[in-house]
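Biologist: I am new to this protein. Please walk me through it, one question at a time.

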Amino acid sequence: SGNYNTYGVLYNWPAAMNVCPDGWKLPSDEDWKSLEIYLGMTLSEADQIGLRGTNEGSKLAGNNSLWLDGALDSNGSFGTSGFNALPGGYRSNTGSNLLHSYSIWWISTACGDKTPWWRLIDYSLTGIIRDAYAFTSDHGFSVRCVKENSTEQSISLTSGWNILSMA
C-alpha cells in the first residue's frame, strides 16, 4: 500500500527484537540517549521519563508535508539532523494508528518490569518522549537499526542509523 511504501512496517516488540539484519541491532535506551545528547539534550534531561528536551524532536523529524501542522514542524530546527523521522503513527491492539501525528520507535532495552522502552515524536511538541508504560509490547511501532560495534567516534545519522522496510 501507499502507507507501507512511505512509512515502512510497524512491528510489535518481539518482532522488532529480531528484525535488524546482521551487523545491525535495535538500539538500546543508552544508544537513544547518546543520540539525544548529541542533538543537544543534557544527560539529566535524557535520563528523565516523559517529554524531554527543547527541539530535539524537531531536529529528528523530516518531510514536513507528511506531518500535521504543529509545533514540531514550525520549529526552526525541523529536519536539520538528517534522521528524517516520518509520522507513521502506531498500530494498537484496537487498530488505531494516528498516521501523520506520531513517530514511535521500539527500544531493545526493557524497563525494570520487562516493559520495553520506546521513543515518541509528536506533531504538537518539539521534544522527545521517553517512556515504557503507555503501550504494551503487542503494539506496532517503527524500527530504526543502528550499526553494532561501531568504531566511529561521532554519531552519523545517515550511515549509523538505518530505516528498515523503506526504499
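**Questions on the fold and its links**

Modeller: Cys-145 has a relative accessible area of 0%, so it is buried. Keep in mind that this is a predicted model.

Biologist: Which residue does a disulfide join to Cys-145?

Modeller: The structure holds 1 disulfide. Its sulfur atoms are 2.1 Å from each other. The partner of Cys-145 is Cys-20.

Biologist: How many residues apart are Cys-20 and Cys-145?

Modeller: Cys-20 sits in the loop between α2 (13–16) and β1 (24–25). Cys-145 belongs to strand β6. The pair links distant parts of the chain, and the separation is 125 residues.

Biologist: Is Cys-20 buried or exposed?

Modeller: Buried means under 20% relative accessible area. Cys-20 has 17% relative accessibility, so Cys-20 counts as buried.

Biologist: Which hand does the link of Cys-20 and Cys-145 have?

Modeller: Look at the angle about the S-S bond. For Cys-20 and Cys-145 the angle is -90°. That makes the link left-handed.

Biologist: Now the overall fold. What pattern does the protein follow along the sequence?

Modeller: The protein has 6 helices and 7 strands. Read along the sequence, the pattern is α-α-β-α-α-β-α-α-β-β-β-β-β.

Biologist: What percentage of the residues of the protein count as buried?

Modeller: The protein exposes about 7,700 Å², and carbon and sulfur atoms supply 49% of that area. The count of residues is a separate matter. Of the 167 residues, the buried part is 49%.

Biologist: Which residue with a positive phi follows α3?

Modeller: The phi in question is near 125°. The residue is Gly-40.

Biologist: Let us turn to the rings. Is the aromatic pair of Trp-32 and Trp-105 stacked, tilted or edge-to-face?

Modeller: The structure holds 10 aromatic pairs. In the pair of Trp-32 and Trp-105, the centres are 5.1 Å apart and the planes are at 35°. Planes under 30 degrees apart count as stacked and those over 60 as edge-to-face, so this pair is tilted.

Biologist: How many residues apart in sequence are the parts that Trp-32 and Trp-105 tie together?

Modeller: Both Trp-32 and Trp-105 are buried. Trp-32 lies in helix α3, and Trp-105 lies in strand β3 (residues 102–110). The pair therefore ties together parts whose separation in sequence is 73 residues.

Biologist: What kind of pair do Tyr-90 and Phe-141 form?

Modeller: Their ring centres are 6.4 Å apart. Their planes stand at 80°, so the pair is edge-to-face.

Biologist: Which loops hold Tyr-90 and Phe-141?

Modeller: Both residues are buried: Tyr-90 has a relative accessible area of 11%, and Phe-141 has 0% relative accessibility. The pair ties together parts that are 51 residues apart in sequence. Tyr-90 lies in the loop between α6 (71–74) and β3, and Phe-141 in the loop between β5 (128–131) and β6 (144–147).

Biologist: Which residues form one aromatic cluster with Tyr-90 and Phe-141?

Modeller: Tyr-90 and Phe-141 both belong to this cluster.

Biologist: Over the face of which residue does Arg-130 lie?

Modeller: Arg-144 lies over the face of Phe-83, at 3.7 Å from the ring centre. For Arg-130 the distance to the ring centre is 3.9 Å. The ring under Arg-130 belongs to Trp-117.

Biologist: How far apart are the C-alpha atoms of Ile-128 and Ala-46?

Modeller: Ile-128 lies in strand β5 and counts as buried at 0% relative accessibility. Its contacts beyond four places in sequence include Glu-36, Met-41 and Leu-60. Ala-46 is 82 residues from Ile-128 along the chain, and their C-alpha atoms are separated by 9.3 Å.

Biologist: How far apart are the C-alpha atoms of Gly-89 and Ser-103?

Modeller: Gly-89 is in the loop between α6 and β3. At 0% relative accessibility, Gly-89 counts as buried. Gly-89 and Ser-103 are 14 residues apart along the chain, and their C-alpha atoms are separated by 5.4 Å.

Notes
Residues are numbered from 1 along each chain as its sequence is written. This is a predicted model: local features need pLDDT of at least 70, side-chain atom pairs count only at pLDDT 80 or more; totals for chains, interfaces and linings use all residues. Side-chain values use heavy atoms; hydrogens and water are left out. Helices (H or I, at least four residues) and strands (E, at least two) are DSSP runs, numbered from the N terminus. Buried means under 20% relative accessible area, exposed over 50%, partly exposed in between (1.4 Å probe, protein chains only). Accessible areas come from the Shrake-Rupley method with a 1.4 Å probe; for residues, only the protein chains shown count as cover. Rings of Phe, Tyr and Trp (its six-membered ring) pair if their centres lie within 6.5 Å; planes under 30 degrees apart count as stacked, over 60 as edge-to-face and the rest as tilted. A charge sits over a ring if NZ of Lys or CZ of Arg is within 6 Å of the ring centre and within 35 degrees of the ring normal. A disulfide is a pair of cysteine sulfur atoms within 2.5 Å. Contact means heavy atoms within 4.5 Å.
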